[in-house]
Amino acid sequence: MEGRELPVGWSTSTGSEIFELVTSGSRGWAKYYSDNGPLFIRIGNLDHGSVELDLKDVQRVTPPNDSEGKRTRLEPNDILISITAELGMIALVPDDLGEAYVNQHVALARPVPEIAARFLAWYLASESDGKKQLLELKRGATKVGLGLPDIRNLILPLAPLNEQRRIAAKLDTTLAAVEACRQRLDGVTAILKRFRQAVLAAATSGELTREWREETGINSGWEDKELSSICLSIADGDHQAPPKADEGIPFITISAINDAVLRVGKATRYVPESYYNSLSETRKAREDDILFSVTGSVGIPALVDSQQRFVFQRHIALLRPNRAKVLPKFLFFRLLSDDFNRQCLKVATGTAQLTVSLGSLRSMYFRSPSLQEQAEINERVQDLFTLADQLEARLTTARKIADRLTPALLAKAFRGELVPQDPGDEPASVLLERIRAARQVEAAAGKPSRRGRRKAATNPDQIAMEASPVSADFLAGLLRECGALSERALLAVSELEPQRFQQQLYRELESGTAREVQDNGQVLLEAVG
């Protein structure tokens, strides 16, 4: 926020003012690892592009019953910050996480109860604000990290409390929609991949040109042919390590064809022209030859589409089609199909590194029609692949737009532009003064600073007696202010203890001040009237 004018009603504070506790786990927890027990949160569990914990792969521990175990035990609404390796990863501890601990690579910052923790978490996750500030504070040259004092000295913007809640709720719902959009786009990628394979399957089985044969009256007679019978040669690269040169002929590896397109520009080095000239003709690629990976990532073909000279490693085979029997592009499409890939995997040997021998490759077979039908197939497949390429280009553009949405929304939120401001909201400066005054009173009374929130009562009657009273339509009022919210988002906005929230929500649903509605398959809550 440095150098930027704050929105009306906002103030700045430091981490030490609004975090009750800033600490991190300690070393030596590996001896407590177990298959059962509480969760042990590490950097890998801090989600990317979100403030939610990722618990797909989480370690468990049997924690020590000592001060160290108690110090590193997480509480709801603790903010987790990675302080080594991938710096500045952020996650917020949810109410339903249960017993969990944190390792030494993750700091926990516990906001005071008077602050909307989710607002702070989203700020720290913002690339142009909190995360940028964290990365600027990193220390070290060979081993980069953040110190706990760095977190205590963070400059943090504070909106009025009600606005903090509105911003956090809006970000939750809006960014959830952005994430759903990303997932749908990822689904389109899989659909396009299946489409291409379906086209290849139809092309190489004869189904793609079935109507063409009926219309033209041509029955070209598909025949099973061994690969060696339709190629002039099938060879691999030189088995000896080629000499190196500062310039000359590019030397490519499998990485230059790993997406089934030859990219000579990905050459790892050069060899002398004299070495290239000494190679046999079967190892010098020509235009319309086909490269085919036979070691490691086996079964990847690439059509040589230019006369540029290059040398390839022995993990790549070179197939030279016999044009009197097979068209190069038809052979390429056949090698690209899932069916041929399954043949490769079936004959491949080795475990750590699969290998398809040249002998096995030469003896593989597939059904092949006349050259006339091959030409028709090539044209149809190319048309369909061009359509898929156009859709993929649009998909790439859509992905770039989606990737820009999250940082743009976060930046907008902390400029005070995401939700409407309410002139009636208590300014953040007043909130900060109240927090400072409370701490001064505690210090004067000799009380230790608060290290956590009061735990939720388990007895509903106890909740009713101990909790601060709220109006009968408290949640409905928040829904009128923020619009329809998911139950989780409403819980975050209300800042009620989970059990108290459930009790209040049940009452308001029963009384009819709030109701559930369906929105694109998602259950939301909205105010009535």
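Which residue is the bridge partner of Ile290 in S17? The close-up views below, all taken from a predicted model, begin with that pairing.

**View 1. Strand S14 and its two antiparallel partners.** The bridge partner of Ile290 in S17 is Leu319, while in S15 Ile290 stands opposite Leu303. S14 runs antiparallel to S15, to which three bridges join it, and it also pairs in the antiparallel sense with S17 (residues 316-321), here over four bridges. In a regular strand, side chains alternate between the two faces of the sheet. Both faces of S14 are covered, with Ile290 and Phe292 buried on one side and Leu291 and Ser293 buried on the other.

**View 2. Thr295 in the loop between S14 and S15.** Thr295 lies in the loop that separates strand S14 (290-293) from strand S15 (301-303). Because its relative accessible area is 7%, under the 20% limit, Thr295 counts as buried. Beyond its neighbours within four places in sequence, Thr295 is in contact with Ile254, His315, Gln353, Leu354 and Thr355.

**View 3. Aromatic pairs around Phe333.** The ring centres of Phe332 and Phe333 are 5.7 Å apart with their planes at 45°, so this pair is tilted. The rings of Phe333 and Phe385 also have their centres 5.7 Å apart, but their planes stand at 75°, so this pair is edge-to-face. The latter pair links distant parts of the chain, since Phe333 belongs to helix H10 (residues 328-336) and Phe385 to helix H13 (residues 371-413), 52 residues apart. Phe333 is buried at 3% relative accessibility, as is Phe385 at 10%.

**View 4. Charged ends over aromatic rings.** The charged end of Arg269 sits over the ring of Phe251, 4.6 Å from its centre, and that of Lys284 sits over the ring of Tyr276, 5.2 Å from its centre.

Conventions
Residues numbered from 1 in each chain as written. Predicted model: local features only at pLDDT ≥ 70, side-chain atom pairs only at ≥ 80, totals over all residues. Heavy atoms only, no water. Buried < 20%, exposed > 50% of the residue type's maximum accessible area, 1.4 Å probe, protein only. Contact = heavy atoms within 4.5 Å. Pairing = 2+ DSSP bridges. Phe/Tyr/Trp six-rings, centres within 6.5 Å; stacked < 30°, edge-to-face > 60°. Lys NZ or Arg CZ within 6 Å of the ring centre and 35° of its normal.
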